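Me: I'm new to this structure and would like to learn how to read a few of its features. Could you walk me through them?

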Amino acid sequence: SDRHKFPFHFQLYFLSSNNGTLSAPQLALSQMTTNTSEQQEQFMDKDMCIRLDTQDNIIGQESKRFCHITKNIQDKNALHRAFSVFLFNENNELLLQERASSKITFPSMWTNTCCSHPLYNIEAERDGVRGVQLAAQRKLEHELGIPTSQIDPNKFQFMTRILYEAPFDANWGEAEIDYCLMYKCKQSDLTVKPEKDEIDNIAWVSKAKLHEMMNDKDLIFTPWFKLIVKKFLDNWWDVMANEGFDKLSGLTDDKVHNLLDVNPDE
């Protein structure tokens with residue numbers, strides 16, 4: 001399959017299969033159906049997601065596995081809190097990741113810098129925006145190897161929340177209220193060493209390059225990322241690039257944008 005072909009004139013890194021460090025291009029074609037790792041299976045049962053009603057009120061907790069099972073999503077029992085980080089360098093390039101082929105849901109798909117969940121079993125992460133800022137700092141270290149000392153959670157700019165559902169296959173899917181977080185820093189201030197069980201590849205891309213990639217039918221992107229790009233990201237990106245990162249605070253809102261009926265592919 002050539003599903004993973006890439007244009008090579010943008011900044012793209014391939015992870016070696018040996019130690020997860022950045023290396024010269026070495027691409028192993030990964031398949032959408034693959035054996036998941038033991039670590040991914042453990043996270044499914046250990047991580048407790050924050051269960052929500054459609055207004056983002058906490059109503060309980062359930063395992064990550066429970067919250068991603070299709071039947072539970074269809075039964076409206078699986079809505080949980082999530083976050084999506086959009087991390088930019090000083091050149092206004094966005095750090096993308098290709099999710100590892102060993103991921104249980106949405107493997108081998110390109111997406112924003114980091115997408116994950118605040119956890120109910122970490123009390124501080126239940127605290128709304130502050131909770132997702134802390135969770136984002138934690139997960140940037142876990143997935144991308146960026147030390148927590150290099151990420152200031154206070155510098156995440158919260159933008160908005162989206163409510164969406166997305167099927168993956170007959171067994172798995174997503175049902176989330178997703179907090180969108182923007183972050184900007186010098187690329188040289190970051191130590192990026194992606195965890196091979198989480199990420200196959202990364203790329204720093206301009207806005208034009210992102211849209212070029214998204215128009216490439218051989219590249220697959222996650223549904224939540226496509227929704228955010230479709231509805232919000234271009235405007236945020238333009239304001240940040242043309243007026244400054246601090247101007248993003250004027251674009252934030254407290255809404256939960258209901259995108260349940262929005263098709264990310266249209």
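Me: Is Asn201 buried or exposed?

Reply: The general idea is to compare relative accessible area with a cut-off: under 20% counts as buried. In this predicted model, Asn201 has 3% relative accessibility, so Asn201 is buried. You will find Asn201 in strand S11, which spans residues 199–205.

Me: Which side chain does the side chain of Asn201 make a polar contact with?

Reply: Its partner is the side chain of Glu98, at 2.3 Å.

Me: How do I read a pair of packed helices?

Reply: Two packed helices are described by the angle between their axes and by the distance between those axes. Here, helix H5 (residues 207–214) packs with helix H6 (residues 223–243) at about 160 degrees, and their axes are 12 Å apart. An angle over 145 degrees counts as roughly antiparallel, so that is how H5 and H6 run relative to each other. The crossing of H5 past H6 is left-handed.

Me: What kinds of residues make up the contact of H5 with H6?

Reply: Six are nonpolar, one is polar and four are charged. Among them, Leu210 and Met214 lie in H5, while Val229 and Trp237 belong to H6.

Definitions and conventions:
Residues numbered from 1 in each chain as written. Predicted model: local features only at pLDDT ≥ 70, side-chain atom pairs only at ≥ 80, totals over all residues. Heavy atoms only, no water. Axes fitted to C-alpha atoms, helices over the stretch in contact; angles between N-to-C directions. Helix = DSSP H or I, 4+ residues; strand = E, 2+ residues; numbered from the N terminus. Parallel < 35°, antiparallel > 145°, perpendicular 65-115°, else oblique. Left-handed = near helix turned anticlockwise from the far one by under 90°. Contact = heavy atoms within 4.5 Å. Nonpolar A, V, L, I, M, F, W, Y, C, P; charged D, E, K, R; others polar. Buried < 20%, exposed > 50% of the residue type's maximum accessible area, 1.4 Å probe, protein only. Polar contact = N/O pair within 3.5 Å; in protein donor to acceptor, adjacent residues only side chain to side chain.
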